[in-house]
Amino acid sequence: MTTTNTAVSDAPVTLSGSSPEVDYDAIGIGAGFAGLALIHYLRGAGLSVRIFDRATDVGGTWSWNRYPGAATDSESYYYCLTFSKALLQEWSWSQRYPGRAETQSYMRFVADKCDMWPHIQLNTEIVEARYLNDRGIWQITTGDGKTFTCKYFISGMGMISEPVIPTIAGMDRFQGPIFHSSRWPAEGLDYAGKRVGIIGAGATTVQMVPVVAETAANVTVFQRTPNYILPAMQQPMTPEWEKEIKDNYDAIVAKCRNHVFGMAFDSPVGRNAVDTPPEERQKIFEENWTGSFRWVFETFDDLLVNPEANKMAGEFITSKMKERVNDPELAELLAPKFEDYPLFAKRPPLDHGYMEAFNRDNVHLVDIKHREPLVEITETGVRTTERHLEFDIIVLATGFKAYTGALEAFPIHGASGQTLREKWQTASESIMGVCVADFPNMFVVTGPQAPFANLPTSIEQNVIWITRCIEKMEREGFAIFKPRLEAERAWTAQTADIHGQTLMANGDKVNSWMMGANREDKAPRVLIYFGGAGAYYDALDLSADSGFPELEFEKVAS
Ligand code: NAP
């Protein structure tokens, strides 16, 4: 099969004499995009690979997030793996933003076509991972007490996978189904004719409400903070559009690789909002109002860095939001203000009819921040300071412990015995989001201090770096790599410095998961490299081309 990414060596690596006795050369956790990419690239490098996942199927995020309306916010044709030109041509997307099931089908298709299933072990939870100093290998323990050893241990558990379960008084009293949005019952849940309460008003709720409202008796959203909501503008994939995409896939893949957000967008555009006369600016904002995050990147280059430009963009978005809601008072409640927080200090959701849903008689908004704070959950519903609302189902769409949550959910012990959770108590430091000091021979796919970008692009770039590192290890006969503490400190300082220059630094004031500020158990911290995904991928390539100066290589376990 022809591969589009040539950075990784074509020739299988002969595993060197330094390889210890292990069950697998590499063990990864997570059978989403990361797991599939790991199988492709590491198997190509001649390694034996095992991917574990506690889910019942491949899919990662798309296996878990079964709430109605779940769909990608990236456009389909670049929300995919790009290692095979043949697969890019063969698979057909049905629409601009595929739903959950379609994306999961795509991942099954990749696993089928590339004969990946023998490497994947589903229904298997990992409960501990431990680096064994004396042998220089990792030992992984499953929920049923089995242990497996490997030379390389790799997390592909996802950036946004570990749920935030809020502490709300009385939560255990509710008599009906109550669950986190990412744990929507796999067997389905009949909500037709039911009263549904949704706590939280983020991207998940924005996708869920229009669909649930169609058949539920009523839907009530408990909103703390409103969002800047961009329109998705869903479209079917026409044969003409598909042909255009498939004729240009090399260019699309290259665009993603070089873009600040890892998406196939045409930016930078070479103009700033603050330097553009108001009429012309408005015209550009209007002409580009065609759906997706494109609008943020393809209008002006200063929207996320200049407060004045950011305010203009935010006001344009909220004016568009308000136009679609009949009740002006309600429209006001749904729209954030620059004074509250700038655009992109929280990740903006994409909308498939959320605003219009509030024009229905059966959809209600409760402002729990300013008007009637939430007091408790009762046997039959939710009590605010003003009233009691009865529900049959309560959904906690309360977000995720982003970037580090999955890595802290079970003990992962490094060389000193400390866990990642312990190491990351006050700061979540890493080397480029892929390695962590004190955790030899361990890689993380899109860990803390990696960029926030189109995830399949970042995942593939991370996996290419990991594969090149392993190829070096095996070619040159190394037993161990140790991430250097000084490299971790340097990357952390650079990430913090860039973060401080952006408007996203306001995220700690509005509970943004982008700073881990939505967690009750930890203080906010810098979690994201905001220097641009393209620049970050360049940094990964430079590191690999320079022989991985961030790592110390050793021939024997010590
Ligand atoms: P989120 O954006 O973090 O939103 C969580 C919501 O729950 C917020 O409105 C938050 O209010 C509220 N909340 C949290 N704790 C609460 C409490 N104790 N009481 C009341 N309200 C509470 O989570 P999300 O909507 O699941 O989205 C998270 C991320 O997942 C997205 O930003 C996106 O990156 C990803 N996602 C992607 C897609 C996609 O690409 N298709 C779809 C869905 C989600 P505050 O804002 O006031 O904290």
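Strand E13 (374-377) and strand E14 (residues 381-384) run antiparallel and are joined by three bridges. Helices (H or I, at least four residues) and strands (E, at least two) are DSSP runs here, numbered from the N terminus, and two strands pair if DSSP finds at least two bridges between them. If you want one spot to look at, find Ile377: its bridge partner in E14 is Val382.

That pair belongs to an open sheet of three strands, ordered E13-E14-E15, with antiparallel pairing. E13 and strand E15 (388-390) stand at the edges with a single partner strand each, so one side of each has no neighbour in the sheet. From one strand to the next, the twist averages 20°. For such angles, axes are lines fitted to C-alpha atoms (for helices over the stretch in contact), and angles run from 0 to 180 degrees between N-to-C directions.

A word on what you're looking at: this is a predicted model, where local features need pLDDT of at least 70, side-chain atom pairs count only at pLDDT 80 or more, and totals for chains, interfaces and linings use all residues. Residues are numbered from 1 along each chain as its sequence is written, and side-chain values use heavy atoms, leaving out hydrogens and water.

Now for another sheet. Five strands make up this open one, in the order E7-E16-E8-E9-E12, and their pairing is parallel. Strand E7 (178-180) and strand E12 (363-367) are its edge strands, each pairing on one side only. Ignoring direction, neighbouring strands in this sheet are turned by 20° against each other on average. E7 pairs with strand E16 (residues 393-396) in the parallel sense over three bridges, and Phe179 has Val395 as its bridge partner in E16.

Stepping back, the protein chain holds 17 helices and 20 strands. Its C-alpha atoms fill a box of roughly 70 × 55 × 45 Å along the principal axes. The radius of gyration is 24 Å, which agrees with the value near 24 Å for a compact globule of 558 residues; it is taken over C-alpha atoms, and the globule rule is 2.2 Å times the number of residues to the power 0.38.

Then there's the ligand. It is surrounded by 26 residues, and the closest are Ala71, Ala201, Thr204, Thr225 and Lys346; a residue counts as near if one of its heavy atoms lies within 4 Å. The shell divides into 13 nonpolar, nine polar and four charged residues. In this grouping, Ala, Val, Leu, Ile, Met, Phe, Trp, Tyr, Cys and Pro count as nonpolar, Asp, Glu, Lys and Arg as charged, and the others, Gly among them, as polar. Helix H5 (residues 203-213) gives the most to the shell, with three residues.

| Protein side | Ligand atom | Distance |
|---|---|---|
| Thr204, side-chain N or O | oxygen | 2.6 Å |
| Gln207, polar side-chain atom | nitrogen | 3.1 Å |
| Ala397, backbone N or O | oxygen | 3.2 Å |

On its own the ligand has 910 Å² of accessible area, and the protein covers 88% of that. Such areas come from the Shrake-Rupley method with a 1.4 Å probe.

Most residues other than glycine have a negative phi, and most peptide bonds are trans. Ser267 and Pro268, though, are joined by a cis peptide bond with omega about 5°, and Pro268 sits in the loop between helix H7 (249-258) and helix H8 (278-287). Met432 has a positive phi, near 55°, and is found in the loop between helix H14 (420-423) and strand E18 (442-444).

Methods
A polar contact is a pair of N or O atoms within 3.5 Å; within protein, one must be able to donate a hydrogen and the other to accept it, and residues adjacent in sequence count only if both atoms are side-chain atoms.
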